[in-house]
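Dear colleague,

I am writing to hand over a structure for your records. Please find it below, and kindly read the notes that come after it.

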Amino acid sequence: MDVINLDELQPLAKEKLPQMIYDYIAGGAEDGISMAENETAFGRIQFRPRMMVDVSQQNLSTEVLGDKINLPIMLAPTALHRLVHEEGELATARGAHAQGTVMTLSTVASQSIEDVAAETESPKWFQLYCFKDRDASKFLVERVEAQGFKAICLTVDTPRMGRREADLRNGFHLPPGIEIKNFDTYEKFKDIEPELRSTMVAAFVNMMFENALTWKDIEWLRSITKLPILLKGILTREDAALAVKHGVDGIIVSNHGGRQLDGVPATIEALPEVVEAVSGKAEVFMDGGIRRGSDVLKALALGAKAVMIGRPYVWGLALNGEAGVKRVLSILQEELEIAMALAGCPTIADIDSSFVQMRKN
Ligand SMILES: Cc1cc2nc3c(=O)[nH]c(=O)nc-3n(C[C@H](O)[C@H](O)[C@H](O)COP(=O)(O)O)c2cc1C
């Protein structure tokens, strides 16, 4: 995997993967406006670098929910890693561990919670989709807690799946041998026709996922777990304030990589109002469009505690398994280290909003 930046990964992955799978990962909802904006919006932010700062001792480590990580870049939850690599989430977990950061395991994983947990001792988070059948969510949360995961990220932007036109065109389905693994042992799901479970992901999701989730459900989630709760998919100051009011431990500013409501702002542009509304009462993270270490520096300057990446590490996994995931993280780490040195920030604690400004035109 001979790449020197993250943009070089996607065309290589496109050559390697079947079109249906490539499109599933690359695609956004409808016109893909928000997906594209996530990346281009970083270009509207400029640095205000400081010179004559001693950057001979750089340190990129930070703490997230009390755990130390080597770099402020984590892996966002993405579904079904075995679509792109036979070891799937096991390779991803090892890649994150090798670079010293957090992997977030998706509800819609193709390897089980237990198998992924056994792979590394690094801190791992779990992404929860809430099911209409609350016992199904509880079934996942109890296992995650038992396996030592460090946080639950409840995804709140998916009452229904966004309309992803490439998937509709391709009739996206799971190839034989690949399954949504976490429900193998859930009694009630045994009644779901195998066809629906394995071949029609969007229909499965729309049938199972809760589309009546409201703020009172945070209390329910709190009642079934002691783990920190993060909400993934918040984009406004109003919801950020409500999240704090309901006692969440963290917020992930996200538009699902532009795969849900098309036309929402780039996440880097939604971040400042969320940070302001949260006012230090919870940790704020963001994902969407991070392709450069300098993007990470901009997000941290605007108040994110750390960022998450999605598609880039899936491409890395597709191209070279564990080593591919590690390489993606290490490219970003090196770029971030250089950007921080050039901006005059030896450590993460030195980064603040004085290092960025909006482009003037
Ligand atoms: C192929 C794919 C699958 C995803 N699956 C999930 C998922 O299961 N749960 C979830 O909360 N977000 C999911 N996401 C959204 C990511 O967590 C993240 O918000 C997004 O990928 C970040 O944008 P980026 O891809 O530009 O880095 C998925 C994204 C992609 C590309």
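The notes below cover the ligand and several helices.

This is a predicted model, in which local features need pLDDT of at least 70 and side-chain atom pairs count only at pLDDT 80 or more, while totals for chains, interfaces and linings use all residues. Residues are numbered from 1 along each chain as its sequence is written.

The ligand is surrounded by 23 residues (C-beta atom, placed from the backbone, within 6 Å of it). Ala76, Ser106, Gly257, Gly310 and Arg311 are the closest.

Helices here are DSSP runs (H or I, at least four residues), numbered from the N terminus. In helix α2 (residues 19-26), Ile21, Tyr22, Tyr24 and Ile25 are buried (20 or more other C-beta atoms, placed from the backbone, within 10 Å of a residue's own). These residues lie on the same side of α2, because they cover an arc of only 160 degrees around the axis (taken from the directions from the helix axis to the C-beta atoms). Their cover includes α1 (9-16), α7 (165-170) and α14 (311-343), contact being C-beta atoms, placed from the backbone, within 7 Å.

In helix α3 (residues 33-40), the buried residues are Ser34, Met35, Glu37 and Asn38. They fall within an arc of 165 degrees seen down the axis of α3, so they line one face of the helix. They pack against α12 (267-278).

Helix α12 also meets α11: Arg237, Ala240, Ala241 and Val244 in α11 contact Glu273, Val274, Glu276, Ala277 and Val278 in α12.

Yours sincerely

Conventions
A residue is buried if 20 or more other C-beta atoms lie within 10 Å of its own, exposed if 12 or fewer, and partly exposed in between; C-beta atoms are placed from the backbone. Helices (H or I, at least four residues) and strands (E, at least two) are DSSP runs, numbered from the N terminus. Two residues are in contact if their C-beta atoms, placed from the backbone, lie within 7 Å.
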